[in-house]
Amino acid sequence: MSLRSIKQRFDIIGDNPVLDRALEIAMQVASTDLSVLVTGESGVGKEVVPQIIHIKSPRKHNQYIAVNCGAIPEGTIDSELFGHEKGSFTGAFETRMGYFEVADGGTLFLDEVAELPLSTQVRLLRVIQSGEFIKVGSSKVQKTDVRVIAATNINLIRAIGLGKFREDLYYRLNTVPITIPPLRERRGDIHLLFKKFALDFADKYNMPAIRLTPDAVALLEGFRWPGNVRQLKSIAEQISVIEHNRLIGHEILEKYLPQDTPSRLPVRTEGHGADYLSDRDIIFKVLYQLRQEVEELKQRVSRESARSASRLSSSKELSNSIEETAVVDYEPDNDEVESDPKDDVETTLSLQKVNEDLIRRALEKHNGKRRPASIELGISERTLYRKIKELNLNL
Ligand SMILES: Nc1ncnc2c1ncn2[C@@H]1O[C@H](COP(=O)(O)OP(=O)(O)OP(=O)(O)O)[C@@H](O)[C@H]1O
Ligand SMILES: [Mg+2]
């Protein structure tokens, strides 16, 4: 299935390269069981990503369950996700299966994952790592095979810094990060989306579609769209229903754009303040963290292989060495991508530049203080110290 047919099937409008890349990554990782974390501001269109992954995966004939973690009360979330035993709490009249059991063999989409209480995050980490879970009120460990896709519009690095989100769970969920860009970073899509919504609402309300004059298009494209595609859609609907004249000019459109909010100010395109991390920075940061993880994994694997080799040569039991190697938290399937050595060098160089920029920016923001900078970067203070030395940064 091509990108174009996926867009058609899921009614996705737009031809922005960053959005296309995000959708392509979703299609590429669909056939694996890797956890995916979809991030992006509110209203950018995250919810379609897990659907694409499920439909393109070998799990497509099994259950796809979407759970809005923010909408389930804290007291019942464990029971919803993992099930409960009869009599385990007041009102538990029967034993009930949770989503992890129902979705066995399928996909579970955990939307607004940052809303999960810390105690539930512990259970979630266990089930993602080992496939094991325990129903509320039970002591029996059960097994399940569920692919987890999570989404959030919250900055999880910040949530970790505030102690609201577990760092280990973040790394586990974030095996494949997919970020949907905000609408203001894909201006070319704004009018396309508006025209599509105008047609949809014309159909829905059985009236001719609204059209925009050129100056109205310019206003539409210059607006900051803090609510992203959801906000654009809602404004297209309001105008479609309320305005008699189907040709919408600048003055009319202006009435529908929220007044007196900072979002009406022109979009800042350069000179970010020290306390401002753009989405591009966040993507780089995620790349940087991914790179760190890969490096650490490589080191662990080579250390373990060296240890295994020396053990074998000292003619210990083969089974011993297999056991030891199995302790390494390493998934060989994920590493089977063939790579061109030239690409590797280029990636290393550009990542090095990204590392430098990010570290500099984080340190500048925190007046050279390493601790807050390391929290911002999502790495330990020790690693930051090592990186500063390694990159020979004159700070
Ligand atoms: N590229 C697109 N083409 C057509 N419709 C879109 C597109 N992107 C988003 N939408 C529509 O915009 C609305 C908001 O999208 P969605 O619900 O996926 O947002 P979200 O990223 O999950 O936001 P939140 O974080 O607030 O939950 C939906 O009605 C969706 O269908
Ligand atoms: Mg959503």
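Biologist: What distance lies between a polar side-chain atom of Lys46 and an oxygen atom of ligand 1, and what counts as a polar contact?

Modeller: A polar contact is a pair of N or O atoms within 3.5 Å, where within protein one atom must be able to donate a hydrogen and the other to accept it, and residues adjacent in sequence count only if both atoms are side-chain atoms. In this predicted model, local features need pLDDT of at least 70 and side-chain atom pairs count only at pLDDT 80 or more, while totals for chains, interfaces and linings use all residues. Residues are numbered from 1 along each chain as its sequence is written, chains are lettered from A and ligands numbered from 1 in the order in which they are written, and side-chain values use heavy atoms, with hydrogens and water left out. Here a polar side-chain atom of Lys46 lies 2.7 Å from an oxygen atom of ligand 1, a polar side-chain atom of Lys233 lies 3.0 Å from an oxygen atom of the ligand, and an N or O atom in the side chain of Ser42 is 2.6 Å from a ligand oxygen.

Biologist: How much of the accessible area of ligand 1 does the protein cover?

Modeller: Accessible areas come from the Shrake-Rupley method with a 1.4 Å probe, and for residues only the protein chains shown count as cover. On its own, ligand 1 has 630 Å² of accessible area, of which the protein covers 82%.

Biologist: Which residues around ligand 1 come nearest, and how does the shell divide into nonpolar, polar and charged?

Modeller: A residue is near a molecule or strand if one of its heavy atoms lies within 4 Å of it. There are 16 residues around ligand 1, and those that come nearest are Ile13, Ser42, Gly43, Lys46 and Asn153. For the division by type, Ala, Val, Leu, Ile, Met, Phe, Trp, Tyr, Cys and Pro count as nonpolar, Asp, Glu, Lys and Arg as charged, and the others, Gly among them, as polar. On that scheme the shell holds six nonpolar, four polar and six charged residues.

Biologist: Which helices each supply at least two residues of that shell?

Modeller: Helices (H or I, at least four residues) and strands (E, at least two) are DSSP runs, numbered from the N terminus. Helix H9 (187-205) and helix H11 (228-242) each supply at least two residues of the shell, and H11 gives the largest share, three residues.

Biologist: Which side chains make polar contacts with that of Gln142?

Modeller: Gln142, in strand E5 (residues 141-143), is buried because its relative accessible area is 14%. Its side chain makes a polar contact of 3.3 Å with the side chain of Glu101, and another polar contact, also 3.3 Å, with that of Lys135.

Biologist: Where in the chain do Asn206 and Trp225 lie, and what is the phi of each?

Modeller: Asn206 has a positive phi of about 55° although it is not a glycine; it is found in the loop between H9 and strand E8 (211-212), and it counts as exposed because its relative accessibility is 71%. Trp225 likewise has a positive phi, near 50°, in a residue other than glycine, but its place is in the loop between helix H10 (214-222) and H11, and it counts as buried because its relative accessibility is 0%.

Biologist: How far apart in space are Asp104 and Asp145, C-alpha to C-alpha?

Modeller: Those two residues are 41 residues apart in sequence and 5.1 Å apart in space, C-alpha to C-alpha. Asp104 is found in the loop between helix H5 (99-102) and strand E3 (107-111), and it counts as partly exposed because its relative accessibility is 40%. Another such pair is Lys164 and Pro117, 47 residues apart in sequence and 8.0 Å apart in space, C-alpha to C-alpha. Lys164 is found in the loop between helix H7 (156-161) and helix H8 (167-173), and it is exposed because its relative accessible area is 54%.

Definitions and conventions
Buried < 20%, exposed > 50% of the residue type's maximum accessible area, 1.4 Å probe, protein only.
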